[in-house]
Amino acid sequence: MTKHIIIAGSGFAGTWSALSAARAVALAGKAESIEITVISPEPSLHIRPRLYEAVIENMDPDVGKLFAAVGVKHVAGTVENIHSDWHQVEVQLPNGERKKFAYDKFILAAGSRLFQPPVPGLREHVFNVDQLATAKVLDQHLKALPGRPPSPARNTVVVAGGGFTGIETVAEMPQRLREIFGAEVEFRVVVVEQAPEIGPDLGPGPRPFIEEALAQEGIEIITGTGVAAITGDSVTLGTGEVIATHTVVWTAGARANKLAAQIPGDHDRFGRVDADPYLHAKKAKDIFVTGDVALAATDNLGNNAAMSCQHALSLGRVAGHNAAAELVGLKLHPYSQPKYVTCLDLGPWGAIFSEGWDRQVKFTRDEGKAIKREINTKWIYPPMADRDAVFAVANPDYVIVP
Ligand SMILES: Cc1cc2nc3c(=O)[nH]c(=O)nc-3n(C[C@H](O)[C@H](O)[C@H](O)COP(=O)(O)OP(=O)(O)OC[C@H]3O[C@@H](n4cnc5c(N)ncnc54)[C@H](O)[C@@H]3O)c2cc1C
């Protein structure tokens with residue numbers, strides 16, 4: 001009888017789960033008896049790490065052909081409910097129909113969403129770079145600004161949140177505005193960070209470089225206060241200061257997809273499901289969690305996977321392998337990713353490449369930027385190759401680290 005692996009999501013974790021599961025099934029010679037199905041709104045992988053960039057092209061490579069090449073089915077739809085007790089998921093299809101899919105192994109790879117706290121005006125007035133559709137809305141808004149009457153509000157962009165995404169977004173903004181308006185128009189670009197310092201999670205190593213890069217672009221850094229209210233014309237800070245602006249970009253944090261809450265067991269403060277070393281959800285038999293929905297230890301030193309593409313790629317390979325391995329009798333592969341690197345884009349200044357959880361800076365400026373370019377245009381893209389080439393990099397041991 002055919003056994004079913006169902007994967008929710010075709011992002012980094014979902015795509016690599018599918019490829020890795022297909023590899024394991026092929027290795028065991030069981031392709032005839034295992035069906036692997038990815039369910040997601042469309043058969044494409046959205047390249048979320050690049051959505052802060054000015055040019056929003058080639059951000060959603062097609063994975064349909066890739067899946068077909070390795071025998072994975074794709075169903076367009078959205079998983080709405082996970083019934084772990086009776087091994088079923090309920091899916092909303094594009095035609096409005098609701099359909100149930102039974103699984104032997106289910107992999108939740110539905111990613112994360114921008115966290116939007118109840119700040120007055122936030123939902124109505126902010127832009128974000130969290131999803132491809134919302135990054136396109138921001139892009140269209142910026143490109144339409146020259147059509148508005150000149151005013152301080154038109155010529156000011158405020159980025160709320162000075163973490164990784166906020167810094168990358170704001171660092172790119174002056175150049176983006178110069179390209180839209182021309183060099184002669186003056187802008188005000190501001191980043192607001194609630195913590196006492198910019199890049200609070202990035203630590204002291206990268207900070208001087210971040211400050212230098214933002215200063216070079218004339219970006220104002222406001223720290224120690226948050227955004228208290230937003231209208232279409234202004235943002236009010238916790239200090240009471242009001243900044244006239246038509247453009248507030250919200251970047252402050254992510255939360256696991258709400259489907260994660262339907263999986264029994266412990267969840268962390270980001271809503272991620274507690275996973276064992278093989279990426280089983282600890283309290284739900286036959287469910288694996290991966291990518292941004294998984295709380296998984298990367299090493300024996302107490303570090304957990306970040307909500308990052310870097311971790312999602314490896315988490316995906318391991319979850320897919322293990323889901324298939326349990327069905328075809330292969331050895332399970334424990335998840336381990338002790339090497340951690342970050343590459344932070346700082347706009348025209350360049351980029352910082354760091355190693356370790358304490359972020360020791362190894363490359364800056366053009367050298368860092370060259371690595372960032374390589375990551376953003378090659379390493380994180382799905383392979384468009386033949387079956388054997390795909391399987392060679394779908395190994396759960398495979399890591400891309402410079
Ligand atoms: C602006 C920005 C910059 C970033 N920069 C970096 C960086 O420099 N380095 C880094 O490592 N990470 C970075 N990240 C984080 C990285 O993008 C995420 O950690 C990564 O995308 C997580 O991969 P994932 O596969 O778990 O989820 P996602 O990429 O979010 O994919 C989720 C998939 O699930 C699908 N889905 C959602 N809901 C459902 C549902 N109900 N049913 C079925 N399918 C569903 C989606 O359509 C999508 O296919 C950045 C993120 C952003 C937004």
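Modeller: Phe164, Leu202, Pro206, Thr342, Cys343, Leu344, Ile352, Ser354 and Arg359 line the largest cavity. Two strands, β20 (341-345) and β21 (351-355), are the elements that give two or more residues to this lining. The largest share comes from β20, with three residues. By class, the lining of the largest cavity divides into six nonpolar residues, two polar and one charged. The space in the largest cavity is about 50 Å³, and the structure holds one cavity of 30 Å³ or more. This is a predicted model, and the values given here are computed from it. Rolling a probe the size of a water molecule over the atoms is what shows where empty space is left.

Next comes the open space. The second largest pocket contains about 220 Å³. Its lining is made up of 13 residues, and those nearest the centre of the pocket are Arg50, Glu53, Asp345, Lys369 and Arg373.

The ligand is surrounded by 30 residues, and the closest of them are Ala13, Arg48, Val79, Asp292 and Cys309. By class, this shell has 14 nonpolar residues, twelve polar and four charged. Five elements each supply at least two residues of the shell: the helices α1 (12-27), α5 (164-181) and α7 (309-328), and the strands β2 (34-40) and β4 (78-83). Of the elements, α7 gives the most, with three residues. At the level of domains, at least three residues of the shell come from domain 1 (3-114 + 254-338), and at least three from domain 2 (122-250).

A backbone N or O atom of Cys309 is 2.8 Å from an oxygen atom of the ligand. For Gln310, a polar backbone atom lies 3.0 Å from an oxygen atom of the ligand. With Lys372 the side chain is involved: one of its N or O atoms is 3.3 Å from an oxygen atom of the ligand. On its own the ligand has 1,000 Å² of accessible area, and the protein covers 87% of that.

Several of these residues and elements link the sites.

Asp268 lies in the loop between β16 (254-256) and β17 (273-274). From C-alpha to C-alpha, Asp268 is 9.6 Å from Ala256, and the two are twelve residues apart in sequence. The side chain of Asp268 has a polar atom 3.0 Å from the backbone nitrogen of Phe270. A polar atom of the Asp268 side chain also lies 2.9 Å from the backbone nitrogen of Arg272.

How values were computed
Residues are numbered from 1 along each chain as its sequence is written. This is a predicted model: local features need pLDDT of at least 70, side-chain atom pairs count only at pLDDT 80 or more; totals for chains, interfaces and linings use all residues. Side-chain values use heavy atoms; hydrogens and water are left out. A residue is near a molecule or strand if one of its heavy atoms lies within 4 Å of it. A polar contact is a pair of N or O atoms within 3.5 Å; within protein, one must be able to donate a hydrogen and the other to accept it, and residues adjacent in sequence count only if both atoms are side-chain atoms. Accessible areas come from the Shrake-Rupley method with a 1.4 Å probe; for residues, only the protein chains shown count as cover. Helices (H or I, at least four residues) and strands (E, at least two) are DSSP runs, numbered from the N terminus. Ala, Val, Leu, Ile, Met, Phe, Trp, Tyr, Cys and Pro count as nonpolar, Asp, Glu, Lys and Arg as charged, and the others, Gly among them, as polar. Domain bounds come from an automatic or database domain assignment. On a 1 Å grid over the protein atoms alone, a cavity is a set of points where a 1.4 Å probe fits but cannot get out, and a pocket is an open set with protein on both sides within 12 Å along at least five of seven lines; lining residues have an atom within 4 Å of a point. Grid points are joined across faces, edges and corners, and a volume is the space filled by probe spheres set on the points.
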